[in-house]
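Subject: Structure handover

Hello,

Here is the structure I promised to pass on. Please open it first, then read the notes below.

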Amino acid sequence: MKQHLLEARNLVAGYDGKIILDRVSLQIPSNQISVIMGANASGKSTLLKTLARLIRPVSGEVLLDGRSIHAIPTKQLARVIGLLPQSPVVPEGIKVVDLIGRGRYPHQSFFGAWSKQDEEAVAEAMEIMNITELADRHMDELSGGQRQRVWIGMVLAQQTDILLLDEPTTYLDITHQIEILDLLTDLNRKYGKTIVMVLHDINLSARYADYLFAMRQGRLVAEGKPSEVITSQLIQDVFGLDCVVVEDPVSGSPSVVPVGRHHVLHPVAGFAGVYTIEADKRTV
């Protein structure tokens with residue numbers, strides 16, 4: 001998989017006359033999984049849409065391999081960057097194989113002729129997402145988890161090096177959330193795809209991301225490996241949440257344990273980031 005440099009420089013952007021992003025600069029690590037995290041209305045989705053050229057910045061720029069994305073022809077850009085928006089609208093009556101086929105648009109000629117390469121790309125995408133047996137099913141017959149695999153299959157059929165996904169696990173139960181994130185990890189590790197996601201779940205973000213970007217009120221306030229970014233102070237700054245950060249016993253990644261006003265064992269003289277965990281008799 002080809003390496004690309006996708007970066008933002010001093011982005012100021014928003015919509016409906018409202019500025020959401022305030023001078024955001026970042027570089028997306030190539031061939032890794034990055035997650036943009038933050039509270040509601042922190043600018044996560046706006047940043048992703050601006051990186052995908054759905055929103056034109058008021059000032060600043062988004063560059064792909066040193067070239068402004070707004071100077072790159074649409075089809076050429078769509079052969080490098082694929083976007084799965086949050087809660088995409090399913091065309092009425094469409095079958096799985098036809099929806100995935102729409103991912104081939106950037107590769108088709110002006111006349112839209114369907115090629116053997118298109119057929120192979122669609123078949124490969126369905127095989128990767130384990131939905132080949134669903135090819136002739138209608139989208140409205142599928143479960144939420146199946147639908148999300150089809151949408152990701154459509155983006156895969158686009159055969160881009162960079163995938164941008166806005167909350168790909170929204171509305172899914174925990175089993176299907178893990179299934180989708182495992183599949184995306186497979187894509188990264190097997191094919192080297194650069195994946196950038198917006199996720200709400202802090203612990204899943206920490207487990208699945210190679211690199212984290214933390215947003216607060218339209219600004220990038222922290223970035224780095226999960227072990228570097230996830231601290232109780234950062235979670236307080238970004239989410240306004242008191243918590244204890246422990247080690248995930250499964251993955252070894254940081255895991256956030258929220259502290260509320262109830263069901264707290266042995267608080268130590270008001271909250272100062274210190275709580276005794278009775279289960280293992282240690283203080284964190």
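Of the 50 residues in the largest nonpolar core, I100, I152, L184 and M197 touch the most other members. A nonpolar core here is a set of buried Ala, Val, Leu, Ile, Met, Phe, Trp, Tyr and Cys residues joined through side-chain atoms within 4.5 Å. Buried means under 20% relative accessible area, exposed over 50%, and partly exposed in between, with a 1.4 Å probe and protein chains only. Helix α5 gives the most to this core, with seven residues.

Some background before the details. This is a predicted model, so local features need pLDDT of at least 70 and side-chain atom pairs count only at pLDDT 80 or more, while totals for chains, interfaces and linings use all residues. Residues are numbered from 1 along each chain as its sequence is written, and side-chain values use heavy atoms, with hydrogens and water left out. Helices (H or I, at least four residues) and strands (E, at least two) are DSSP runs, numbered from the N terminus. Contact means heavy atoms within 4.5 Å.

Back to I100. Leaving aside residues up to four places away in sequence, I100 touches V122, A125, M126, I131, V150, G153, M154 and A157.

Next, helix α4. It covers residues 116-128, 13 residues in total. From first C-alpha to last it reaches 18 Å, close to the 18 Å expected at 1.5 Å a residue. That expected span is 1.5 Å times one less than the number of residues. The buried residues of α4 are D118, A121, V122, A125 and M126. Seen down the axis of α4, they fall within an arc of 130°, so they line one face of the helix. The arc is that of the directions from the helix axis to the C-beta atoms. These buried residues pack against α3 (96-101) and α5 (144-157). On the other side of α4, K116, Q117 and E127 are exposed. N130 follows α4, and its phi is positive, near 60°.

Two loop residues are worth a look.

- R104 sits in the loop between α3 and α4. It counts as buried, at 1% relative accessibility. Beyond four places in sequence, R104 touches W114, Q117, D118, A121, V122, A157, Q158 and Q159.
- A209 is in the loop between α7 (202-208) and β9 (211-216). A209 is buried, with a relative accessible area of 8%. Beyond four places in sequence, A209 touches I33, V35 and P226.

Best wishes
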